[in-house]
Amino acid sequence: MMSGLAFQLDRAARRLFPFAFSVLLVVLSVVPLPVPGYGLVVPSFALMAVYYWAIHRPDLLPAPAVFALGLLEDILSGAPTGLNTLVLLLVYGAMRNQRRPFLGKPFAVMWFGFLVVAPAAIFAHWLFASALAGRIIPAHTAFVQLLLTLAFYPWLTWLFAAGQRAFLRQS
Amino acid sequence: MKPRGSPIMRYAAPLKAAAQRFAFLMLIAGAVGLIILGKADAILVERLRVAVSDAFAPILAALARPIATVDNAIDEVRALVALRAENERLRQDNAELRNWEQVARELGAQNRALSAALKFVPRGEERSITGRVIADSGGAFVRSLLIDAGARDGVAKGQAVVVGQGLIGRIAEVGEVSARALLITDLNSRIPVVVETTRDHAILAGDNTDLPRLLYLPPNLALQPGTRIVTSGDGGAFPPGLPIGTIASVGEGGPRVQPFANWSRVEYVRIIDYGLKGILGPLEPAPAQPRGKHAVHQ
């Protein structure tokens with residue numbers, strides 16, 4: 001057994017995992033890769049993280065953390081300030097209220113939920129972005145982004161779940 | 001697990017839920033507020049953006065480096081394979097460029113003579129600052145780049161951003177150690193340009209597609225695909241004559257321009273400080289010597 005302070009520190013570090021990993025994903029999503037057009041269709045990792053943690057551990061990714069995450073994504077990606085913030089908060093709010101049907105269910109159920117949530121989120125993003133710009137923005141890159149986001153989701157979920165098992169088992 | 005059912009918990013739980021709901025609504029309102037403030041170009045939002053970009057710039061620069069190294073290594077191998085063909089092509093290019101050099105020398109001499117005859121005032125001094133791209137636009141609705149050079153290197157808002165082949169955008173936000181370049185394909189990009197052959201002025205407007213459009217051209221202007229478009233230098237910090245691209249198509253909705261720059265591999269950019277000292281001089285003394293680590297070429 002660990003002593004009091006060490007235990008507290010250890011626990012705090014472990015409980016930080018969902019937020020810290022999400023921040024890392026947001027930062028990684030803007031790193032330029034030498035793939036033509038990658039920057040335009042990069043999967044929305046933050047969306048996957050918010051979806052996963054809102055269902056599994058909303059206590060460790062509270063709404064202010066989602067706000068910070070969205071704001072960081074807006075700023076680093078050059079998007080209008082507040083746009084991702086709003087979309088991620090809406091996804092978070094919806095999933096936190098609807099988490100019970102997903103808890104303890106097999107992965108397929110989680111993915112099915114994501115198949116509904118991700119298009120809705122990216123559509124909302126496109127809608128807000130178009131409203132802000134005052135005209136319809138071409139959406140084909142957003143469509144590719146959606147497909148990539150759906151395709152990447154299982155891999156990221158595997159990482160989230162592995163992290164949850166490794167760091168958050170006791171708490 | 002916490003004990004359930006105690007009298008305190010019975011009241012605390014709904015209260016806590018209500019407080020959480022209230023906090024959540026406040027955050028939503030905060031996000032909407034930020035969108036509106038940002039749209040209104042509030043200086044506060046820009047300061048926040050710049051501060052966060054500056055804080056993350058070193059991390060992004062560190063992350064971008066190994067990826068670039070691997071990419072360069074792959075390029076090296078490819079170049080080795082293509083060495084013979086490349087050599088042959090370069091020999092031909094060289095012969096052709098020697099002819100052009102001759103032409104350029106003649107024109108230069110002629111230009112000097114004519115300028116002297118007309119007492120032409122030469123245009124301002126140009127400096128360029130080299131920066132590395134540290135963040136791609138992460139998303140479908142923006143076209144911009146984050147560069148690891150900022151105010152301390154002499155970068156300022158409105159400066160032109162070019163790569164080897166041509167103009168790619170202009171500086172939209174400047175931090176101390178980072179700056180954001182808005183690409184010419186972005187929805188909000190408007191660049192004053194001129195058709196090189198006819199000298200007709202126009203505005204190059206991005207619409208998030210790969211081919212920006214030309215607006216406000218004189219009606220009945222017959223443009224040929226392949227015609228070069230360059231910056232006009234109208235309205236400020238842009239030097240005139242920077243190459244942008246060629247006319248790609250002349251369809252409905254106006255002519256579209258195929259930029260010279262290769263978007264897929266922008267690793268380093270040059271930021272051109274054209275200097276507006278003549279106008280801003282008395283108000284804002286120009287920094288005597290940029291202290292940054294970046295190469296500054298006169």
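Let me start with the contact between the two chains, where, in this predicted model, 39 residues of chain A are in contact with 38 residues of chain B. On the side of chain A that touches chain B, the elements giving two or more residues are α2, α3, α5, α6, α7 (107-133) and α8 (140-167) of chain A, and the largest share of that side, seven residues, comes from α5(A).

So what does α5(A) do at this contact? It packs against helix α2 (residues 43-81) of chain B at an angle of about 85°, and the two axes lie 9 Å apart. The angle falls between 65 and 115 degrees, and α5(A) and α2(B) are therefore roughly perpendicular to each other. From α5(A) the contact is made by Leu72(A), Ile75(A) and Leu76(A), and these meet Arg49(B), Val52(B), Ser53(B) and Phe56(B) of α2(B).

Let me turn next to helix α2 of chain A, residues 17-30, whose 14 residues reach 21 Å from the first C-alpha to the last, close to the 20 Å expected at 1.5 Å a residue. Which residues of α2(A) are buried? They are Pro18(A), Ser22(A), Leu25(A), Val26(A), Ser29(A) and Val30(A), and because they cover an arc of only 125° around the axis, they sit on the same side of α2(A). An α-helix has 3.6 residues a turn, so residues three or four places apart point the same way. What covers the buried residues of α2(A) includes α4 and α5 (63-77) of chain A, together with β1 (127-135) of chain B.

Helix α6 of chain A, residues 83-97, can be checked in its length too: its 15 residues should span 21 Å at 1.5 Å a residue, and its end C-alpha atoms are 22 Å apart, which agrees. The buried residues of α6(A) are Leu83(A), Asn84(A), Thr85(A), Leu86(A), Val87(A), Leu88(A), Leu89(A), Val91(A), Tyr92(A) and Met95(A).

As for chain B, its secondary structure comes to four helices and 13 strands, and buried residues make up 31% of its 298 residues. Among contacts in chain B between residues at least 6 apart in sequence, 58% join residues at least 24 apart.

Finally, a word on confidence in chain A, where the mean pLDDT is 89 and 98% of the residues reach 70 or more. Within chain A, confidence is lowest in helix α3 (residues 38-41), at a mean of 77, and highest in helix α4 (residues 45-56), at 94. Helix α3 is also one of the elements that give two or more residues to the side of chain A touching chain B.

Note on methods. Residues numbered from 1 in each chain as written. Chains lettered and ligands numbered in written order. Predicted model: local features only at pLDDT ≥ 70, side-chain atom pairs only at ≥ 80, totals over all residues. pLDDT = per-residue confidence, 0-100. Expected span 1.5 Å × (residues − 1). Buried ≥ 20, exposed ≤ 12 C-beta atoms within 10 Å, placed from the backbone. Arc of directions from axis to C-beta. Contact = placed C-beta atoms within 7 Å. Axes fitted to C-alpha atoms, helices over the stretch in contact; angles between N-to-C directions. Parallel < 35°, antiparallel > 145°, perpendicular 65-115°, else oblique.
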